Structures are given as structure tokens and as C-alpha cells.
Amino acid sequence: ITVSDNSSVSAIFSDISSSAWYKDSIQYVYDHGMMVGTSENRFSPNNSLTRAQVAQILYSRAGCPAVSGTLSFKDVSKSAWYYKAVLWAYKKGYVSGYSSQKFGPNDYVTHEQAVAIMHNYAGKPTSGKALSFRDASSVSSWALKAVKWANYKGMLGYVALEKSSYYYPKKACTRGEMAY
């Protein structure tokens, strides 16, 4: 991972406008080596985030610590760019597989799944805040505690920025939303 030389992400990435609502957040995650572009001049803020990318973001945030062992997931190759990140995040209990054989590294992460992973990463705190989103009843029961926690922590601010009053728990989380 190459950490930014503090150049503006809107100058580095052709798809980041200097007035984009996520620009400052992307600047932060880029400067701190947590997220990089999808190519040399694109960040792809509107692309859906994958399970492998979420594992890599957390692994990068932790400083890419040494990790050893193997995974039983048949769909995570040892040669994949995300292998160490998935191994680390799985061993730490931040992510899980669909089964002992399947992780789904290229599957998109929904809003509620992303928040549940972040909640796991934070140690599963119990603090939370009631949900006032119009679609709060659509949040899965397994994700409710995590979504309430994220709401309490102000992590769902992108919903207010969209002025929709909807959280869209089952919608794929974008790279820009994850940075935010």
C-alpha cells in the first residue's frame, strides 16, 4: 500500500470531485493507507464494496500485521491479493464465511453487513441509538445491534447527506460510503 504524499485525492483520482460529499473521508482513508484507488487514477467511489475489500481495509488499518495459518475457504486462493487480509480478519473474528468452505470474496457487502463487520472490529460495543430511518424495520435482526451502534457513533451520516431518510440495509455499500 502506498500512503499518500498528501496530494488532494481530487487531483489524484479523476472520479473524485473537489465538491463530492465523500472527498474529505476518502482523503483521510487514502492518506492513512486504509484504502487505495482501483487503478492509478480512479478511486471508484460509487462502486460496490466487496467482502475482500472490507477485510483489506481493516487489515490495512491495523498496519498489515504478520499473520500465519491457512483458510478452509475454497474460494480464497493463497495467491489472491486479499488472502492475508481475509485470513487475519477471519482469525480475529471480524468476518466469517458463508460456510466452512465458502467466503465469497467478490460478493458485495450490504450496508448492514459492513456495519456488522465494523461492529465486530470495534469489539461489539453495546451502546446504541434508536433508528429513525423510514426503513428501520428492514434491518435484519442479526444486524440490529450493530446498526444501532453505528447510528450512535455517527457512522451513518451518508444517509442524511442523501436526504432520503432511508438506510437501505440490504443495498450494496459503496467505496465512498465505506470511506465516510
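Predicted model: local features only at pLDDT ≥ 70, side-chain atom pairs only at ≥ 80, totals over all residues.

Mentor: Residues are numbered from 1 along each chain as its sequence is written, and side-chain values use heavy atoms, with hydrogens and water left out.

Trainee: What volume does the largest pocket have?
Mentor: On a 1 Å grid over the protein atoms alone, a cavity is a set of points where a 1.4 Å probe fits but cannot get out, whereas a pocket is an open set with protein on both sides within 12 Å along at least five of seven lines, and lining residues have an atom within 4 Å of a point. Grid points are joined across faces, edges and corners, and the volume is the space filled by probe spheres set on the points. For the largest pocket this comes to about 480 Å³.

Trainee: Which helix gives the largest share of the lining of the largest pocket?
Mentor: The lining has 22 residues, of which M118, M155, M178, A179 and Y180 lie nearest the centre of the pocket. The elements that give two or more residues to it are α2 (23-31), α3 (51-61), α5 (111-121) and α8 (175-179), where helices (H or I, at least four residues) and strands (E, at least two) are DSSP runs numbered from the N terminus. The largest share, 5 residues, comes from α5.

Trainee: How many residues in the lining of the largest pocket are nonpolar?
Mentor: In this classification Ala, Val, Leu, Ile, Met, Phe, Trp, Tyr, Cys and Pro count as nonpolar, Asp, Glu, Lys and Arg as charged, and the others, Gly among them, as polar. The lining of the largest pocket then holds 2 charged residues, 1 polar residue and, as the number you asked for, 19 nonpolar.

Trainee: Which helix gives the most to the lining of the second largest pocket?
Mentor: The second largest pocket holds about 220 Å³ of space, and its lining includes R51, Y94, Q113, A116, I117, N120 and W142. By class this lining has 6 nonpolar, 5 polar and 1 charged residues. The helix that gives the most, with 4 residues, is α5.

Trainee: Are α5 and α6 roughly parallel or roughly perpendicular?
Mentor: The axes, which are lines fitted to C-alpha atoms, for helices over the stretch in contact, with angles running from 0 to 180 degrees between N-to-C directions, come within 8 Å for α5 and α6 and cross at roughly 80°. Angles under 35 degrees count as roughly parallel, over 145 as roughly antiparallel, 65 to 115 as roughly perpendicular and the rest as oblique. That makes α5 and α6 roughly perpendicular.

Trainee: Which residues of α6 make the contact with α5?
Mentor: Contact means heavy atoms within 4.5 Å. On the α5 side the residues are E112, V115, A116, M118 and H119, and on the α6 side they are K145, A146, V147, W149 and A150.

Trainee: Which residues of α4 does α3 meet?
Mentor: The axes of α3 and α4 come within 8 Å and cross at roughly 80°. The contact has 7 nonpolar, 1 polar and 1 charged residues. From α3, the residues A55, Q56, L58 and Y59 meet K84, A85, V86, W88 and A89.

Trainee: How many of the 9 residues of α2 are buried?
Mentor: Buried means under 20% relative accessible area, exposed over 50%, and partly exposed in between (1.4 Å probe, protein chains only). The buried residues of α2, among them I26, V29 and Y30, pack against α1 (9-12) and α8. The helix is largely enclosed by the rest of the structure, because the number of its residues that are buried is 7.

Trainee: Is S44 buried or exposed?
Mentor: S44 sits in the loop between α2 and α3, and its phi is near 60°, a positive value in a residue other than glycine. With a relative accessibility of 7%, S44 counts as buried.

Trainee: With which residues is P65 in contact, leaving aside its neighbours within four places in sequence?
Mentor: P65 lies in the loop between α3 and α4 (83-92), and is partly exposed, with a relative accessible area of 27%. Its contacts are Y59 and W88.
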